[in-house]
Amino acid sequence: MGSHGKSIRLVAVDMDGTFLDDESKYDRARFARIHSRMQEGGIHFVVASGNQHRALSRCFDHHPDVFHIAENGALVAAGDEVLHTTPFAPADLDAALSLSVRLPGVFVLVCCASTAYAPRTSDPDVIAALGRYYASLELVDDWGRVEEPVLKLALGCPGEETAGLLERLKAGLPAGAVPTSSGHGSIDIIPAGVNKGVALAWLGERIGVSLDDMVAFGDGGNDVEMLKRAGTGIAMDNAPEAVKEISDGTTGSNNSQGVLAWLEDHLGLAN
């Protein structure tokens, strides 16, 4: 099975704005049919997201063979088994956290492999809303109580302020911490050298799949490295022009299940 003359052995998809519609859903029955055909053809399926590993597992609870690239590349897992993590160096984490908590109107989460941590003083409505993205979330009185390695800082901010805050973070963060944004009113700070593209390359080496034999789908700035590295990078119709320009092609929007439609059309996976 292939596209544009290429053999496709792995499909990697971003989640929000790409695989999921605006209600955070996907056509489960349609995917199950396609996924079954992919398994028959020896094609791996990878979800690559800024979201938490446990949240991704929850979304694909009927498909334990799906690989997860979580926390924007800081964690790679095969189903429930964590294969690889890239945490912050302590000094970089301290500097990034100190800067983040001083930003006005910004909500900060500290994300680790097993769970995410939020201040105990957080608005209960905010914590309830975060359940969409975090299957495991704990409240702490101070950040010093977080003892496990930190993979990511997740910042929530007003959508119209995202670009300005991103530039402010780029200017103020240490070299070992890098901000990235999906464009959905959120910013992630991750260790330098970590992104979805690097994680995808690591996974490919682990399971013996060349980047040339991969197709990746995305819609945001945090998908760019993955779209560039994969042999075929496909932008969603709802992606900004900057993302479309670096991609090899486009497909329908996330609300029209553009990923599933592309797979059916290009890999012969339709009924």
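**Exercise 1.** What is the accessible surface of the protein, and what share of this surface belongs to carbon and sulfur atoms?

*Solution.* The model is predicted, so local features need pLDDT of at least 70 and side-chain atom pairs count only at pLDDT 80 or more, while totals for chains, interfaces and linings use all residues. Residues are numbered from 1 along each chain as its sequence is written, and side-chain values use heavy atoms, with hydrogens and water left out. By the Shrake-Rupley method with a 1.4 Å probe, for which only the protein chains shown count as cover of residues, the accessible surface comes to about 11,500 Å². Carbon and sulfur atoms hold 49% of this surface.

**Exercise 2.** Determine the setting of Val46.

*Solution.* Begin with the secondary structure: Val46 lies in strand S4, residues 44–48 (strands are DSSP runs of E, at least two residues, and helices runs of H or I, at least four, numbered from the N terminus). Next, Val46 has a relative accessible area of 0% and is therefore buried (under 20%, with exposed over 50% and partly exposed in between; 1.4 Å probe, protein chains only). Finally, beyond four places in sequence, Val46 has contacts (heavy atoms within 4.5 Å) with residues including Leu10, Phe67 and Leu203.

**Exercise 3.** Describe the surroundings of Ser100.

*Solution.* Ser100 belongs to helix H3, residues 90–100. With 0% relative accessibility, Ser100 is buried. The side chain of Ser100 reaches the backbone oxygen of Ala96 at 2.7 Å. Outside four places in sequence, the contacts of Ser100 are Val106, Val108, Leu153, Leu155, Leu169 and Ile189.

Note on methods
Polar contact = N/O pair within 3.5 Å; in protein donor to acceptor, adjacent residues only side chain to side chain.
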